[in-house]
Amino acid sequence: MFNRSEFIPDSEWNRFKEFSKDLETPNVVVNVHQVKRNFIKLRDSFPFARIYYAIKANPGEPILRMLADMGSNFDIASRYELDKIMALGVEPERLSYGNTIKKARDVKYFYEKGVRMFATDSKDDLKNIAEYAPGSKVYVRMLIDNTTSADWPLSRKFGCHPDMAYDLLVLARDLGLTPYGVSFHVGSQQRDIGVWNDAIAKATYLFSSLEEEEDIKLQMINMGGGFPAHYIQPTNELKDYASEITRYLHDDFGDDIPEIILEPGRSLVGDCGILTSEIVLISRKNNTALQRWVYQDAGKFNGLIETLDESIKYPIITDKDEAGAKEGEVILAGPTCDSADIMYENIKYRLPLSLKAGDKLYWLSTGAYTSTYASVEFNGFPPIKTYFME
């Protein structure tokens with residue numbers, strides 16, 4: 001049993017229960033005011049940095065409008081995100097095309113819309129930028145190993161070795177682009193702050209070697225995301241991340257710290273959402289089985305894909321949690337006709353023995369990467385609905 005008050009205070013919980021009491025399950029309710037508080041906290045923790053919210057984490061329009069009004073910039077992954085954010089009146093100068101995997105015609109589309117900052121990690125992509133976005137600023141994403149300490153690693157598909165990043169930045173200059181900086185991502189839900197130290201050291205190498213050998217003076221480090229939300233596994237608080245990362249930057253750059261960009265997603269919106277599901281069925285696989293199978297109306301294909309390999313471990317509470325309540329181990333699964341639709345089987349969640357079909361489960365810290373990952377019509381189930389509490 002989880003202590004709900006450790007994740008959400010009583011006042012916010014009561015407001016959520018009142019707001020959601022008549023909503024059909026499954027659904028996600030996002031507290032926009034809490035997103036605002038998280039943004040202010042991040043901004044104050046890194047006063048020297050520019051924040052580019054990673055829209056993919058939660059592209060809800062109320063969130064985007066609020067962050068735009070707060071002065072946030074935005075990290076864009078596709079032309080569809082670009083159209084959405086520009087429809088809200090956000091200027092292209094506040095946008096970065098952060099996806100290193102993009103079609104040439106999409107590069108052209110972004111350029112025609114006024115975007116002038118592009119990420120890259122390969123020669124062919126860089127050539128496309130030079131052809132279809134001439135004169136733009138480019139930053140090269142470095143490959144950072146984060147497979148052991150990040151709950152959702154991002155170290156294989158994106159980025160290149162620092163030596164290749166060096167060559168790409170030289171080529172960018174030769175192609176008439178502006179070699180603006182380097183980027184890295186330490187992995188989503190990164191719990192080891194020391195990984196930033198290693199990544200910054202690699203960036204420092206590129207800054208110094210390019211200036212000494214090629215007379216290229218880089219201006220910016222994009223440190224991506226990675227700051228955690230609060231799930232089951234403990235993490236340091238944001239202030240600890242900020243103080244250590246700031247120290248790493250001063251250790252490597254002294255007082256001449258380059259422009260710093262942050263691309264938070266999960267850390268801004270993760271803690272601000274609650275996914276409510278309804279229990280469909282509870283069963284046991286044999287007469288003496290100790291574990292119950294708890295099937296609910298949300299699963300991997302409808303909001304909970306980050307339970308893949310049991311990577312993200314959400315706190316789950318029920319209306320029947322109380323001191324002294326008898327509990328038992330459960331296997332949690334979704335409603336679809338797919339045997340992969342099991343959220344937790346190896347990790348032993350314990351839920352009240354009194355649960356029955358029709359009871360609700362509340363998945364805390366589900367404001368990020370839930371509704372955006374949901375399928376459109378698998379088994380005919382519609383996408384999970386998201387509501388915004390302001």
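Q: How many residues does α8 have, and how far does α8 reach from its first C-alpha to its last?
A: In this predicted model, α8 has 21 residues and reaches 30 Å, close to the 30 Å expected at 1.5 Å a residue.

Q: What follows α8?
A: D215, with a positive phi near 55°.

Q: Which residues of α8 are buried?
A: V195, W196, A199, I200, A203, T204, L206, F207, S209 and L210.

Q: And what covers them?
A: The cover includes helices α7 (162–174) and α9 (238–253), along with strands β8 (178–183), β9 (188–190) and β10 (220–222).

Q: Moving to the largest nonpolar core, which residues touch the most other members?
A: F74, I245 and L332, out of 98 residues in that core. Helix α8, residues 194–214, supplies the largest share of the core, 8 residues.

Q: What does I245 touch?
A: Leaving out residues up to four places away in sequence, I245 touches F46, I193, W196, I200, M223 and F227.

Q: Salt bridges now. How many are there?
A: The count comes to 22. One of them joins the side chains of E259 and R50, at 2.2 Å from N to O.

Q: Where do E259 and R50 sit?
A: E259 is in strand β11 (residues 259–262) and R50 is in strand β2 (residues 49–54), 209 residues apart, so the pair links distant parts of the chain. E259 counts as partly exposed because its relative accessibility is 23%; R50, at 30%, also counts as partly exposed.

Q: What about R94, buried or exposed?
A: Buried, with a relative accessible area of 18%. The R94 side chain meets that of E91 in a salt bridge, 3.1 Å from N to O, and E91 counts as partly exposed at 38%.

Technical notes. Residues numbered from 1 in each chain as written. Predicted model: local features only at pLDDT ≥ 70, side-chain atom pairs only at ≥ 80, totals over all residues. Heavy atoms only, no water. Core = buried A, V, L, I, M, F, W, Y, C linked by side-chain atoms within 4.5 Å. Buried < 20%, exposed > 50% of the residue type's maximum accessible area, 1.4 Å probe, protein only. Helix = DSSP H or I, 4+ residues; strand = E, 2+ residues; numbered from the N terminus. Contact = heavy atoms within 4.5 Å. Expected span 1.5 Å × (residues − 1). Salt bridge = Lys/Arg side-chain N within 4 Å of Asp/Glu carboxyl O.
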